[in-house]
Amino acid sequence: MLSLFLVALAGATLLPGGSEIWLARLWCLGEPIVWLWVVATSGNTLGSLTNVWLGRYARRFQHRRWFPATPEGLARAERWYHRLGEVSLLLSWLPIVGDPLTVLAGVFRLPWWRAVLWILVAKGGRYALVLLLAHHWLAPLC
């Protein structure tokens with residue numbers, strides 16, 4: 001379970017990784033489904049909240065040469081984020097798009113409790129779906 005937590009946590013940060021295969025493997029080994037869901041959701045949510053935290057402090061460096069976004073790019077991201085709003089965090093489970101969304105939530109100072117709520121719903125929903133699919137498609141193979 002600790003390995004699942006760590007893989008899920010790392011998979012939600014800007015580091016590459018995916019926890020779905022690890023989750024399915026542990027499910028095949030007979031680990032309790034509720035604990036798998038709780039551990040994977042917790043780890044992945046915490047990883048995304050790490051991105052939110054990084055975003056909250058990233059903006060103070062926006063005038064440095066090495067900062068990854070131009071002022072125009074940051075303004076464009078702000079317009080896009082404010083148009084979609086915090087509900088966009090329901091897409092935080094998506095590869096490629098999800099990590100930047102969580103960073104933007106931090107950059108634009110979304111209150112912590114709302115970030116936790118949206119990210120928890122998104123990540124919990126994804127892992128529930130993965131476990132449901134594992135139950136239906138992997139059961140004969142395990």
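The legends below accompany close-up views of a predicted model.

**View 1. Overall fold of the protein chain.** The secondary structure consists of six helices and zero strands. From the N terminus on, the order of elements is α-α-α-α-α-α. Taken along the principal axes, the C-alpha atoms fill a box of roughly 55 × 25 × 25 Å. The chain has 142 residues, of which 37% count as buried. Among contacts between residues at least 6 apart in sequence, 78% join residues at least 24 apart.

**View 2. The largest nonpolar core.** This core has 14 residues, and those with the most contacts inside it are Tyr81, Leu89, Ala105, Leu110, Ala115 and Ile119. At least two core residues come from each of helix 3 (33–58), helix 4 (71–84), helix 5 (98–107) and helix 6 (112–138). Helix 5 gives the largest share, four residues. Once neighbours within four places in sequence are left aside, Ala115 is in contact with Leu49, Leu89 and Leu110. In soluble globular proteins, nonpolar side chains tend to be buried together.

View 3. The 14 residues of helix 4 should span 20 Å at 1.5 Å a residue, and the end C-alpha atoms are 20 Å apart, which agrees. Buried residues in helix 4 are Gly73, Leu74, Ala77 and Tyr81. These residues lie on the same side of helix 4, because they cover an arc of only 95 degrees around the axis. An α-helix has 3.6 residues a turn, so residues three or four places apart point the same way. The buried residues of helix 4 pack against helix 5. On the face turned away from the buried side, helix 4 carries the exposed residues Pro71, Glu72, Arg76, Arg79, His82 and Arg83. Just after helix 4, Gly85 takes a positive phi of about 75 degrees.

**View 4. Ser92 in the loop between helix 4 and helix 5.** Ser92 is placed in this loop. Ser92 counts as buried because its relative accessibility is 2%, against a cut-off of under 20%. A polar atom of the Ser92 side chain lies 2.8 Å from the backbone oxygen of Leu89. Beyond its neighbours within four places in sequence, Ser92 is in contact with Gly98, Leu101, Thr102, Ile119, Ala122 and Lys123.

**View 5. The salt bridge between Arg126 and Glu20.** The structure holds two salt bridges, and one of them joins Arg126 to Glu20, with the closest N and O atoms 2.9 Å apart. Arg126 is in helix 6 and Glu20 in helix 2 (residues 20–28), so that the pair links distant parts of the chain, 106 residues apart. Arg126 is buried, with a relative accessible area of 11%, whereas Glu20 is partly exposed at 29%.

**View 6. The salt bridge between Glu86 and Arg114.** The closest N and O atoms of Glu86 and Arg114 are 2.8 Å apart in this salt bridge. Glu86 lies in the loop between helix 4 and helix 5 and Arg114 in helix 6, so the pair ties together parts that are 28 residues apart in sequence. Arg114 is partly exposed, with a relative accessible area of 28%.

Methods: Residues are numbered from 1 along each chain as its sequence is written. This is a predicted model: local features need pLDDT of at least 70, side-chain atom pairs count only at pLDDT 80 or more; totals for chains, interfaces and linings use all residues. Side-chain values use heavy atoms; hydrogens and water are left out. A nonpolar core is a set of buried Ala, Val, Leu, Ile, Met, Phe, Trp, Tyr and Cys residues joined through side-chain atoms within 4.5 Å. Buried means under 20% relative accessible area, exposed over 50%, partly exposed in between (1.4 Å probe, protein chains only). Contact means heavy atoms within 4.5 Å. A polar contact is a pair of N or O atoms within 3.5 Å; within protein, one must be able to donate a hydrogen and the other to accept it, and residues adjacent in sequence count only if both atoms are side-chain atoms. A salt bridge is a side-chain nitrogen of Lys or Arg within 4 Å of a carboxyl oxygen of Asp or Glu. The expected span of a helix is 1.5 Å times one less than its number of residues. The arc is that of the directions from the helix axis to the C-beta atoms.
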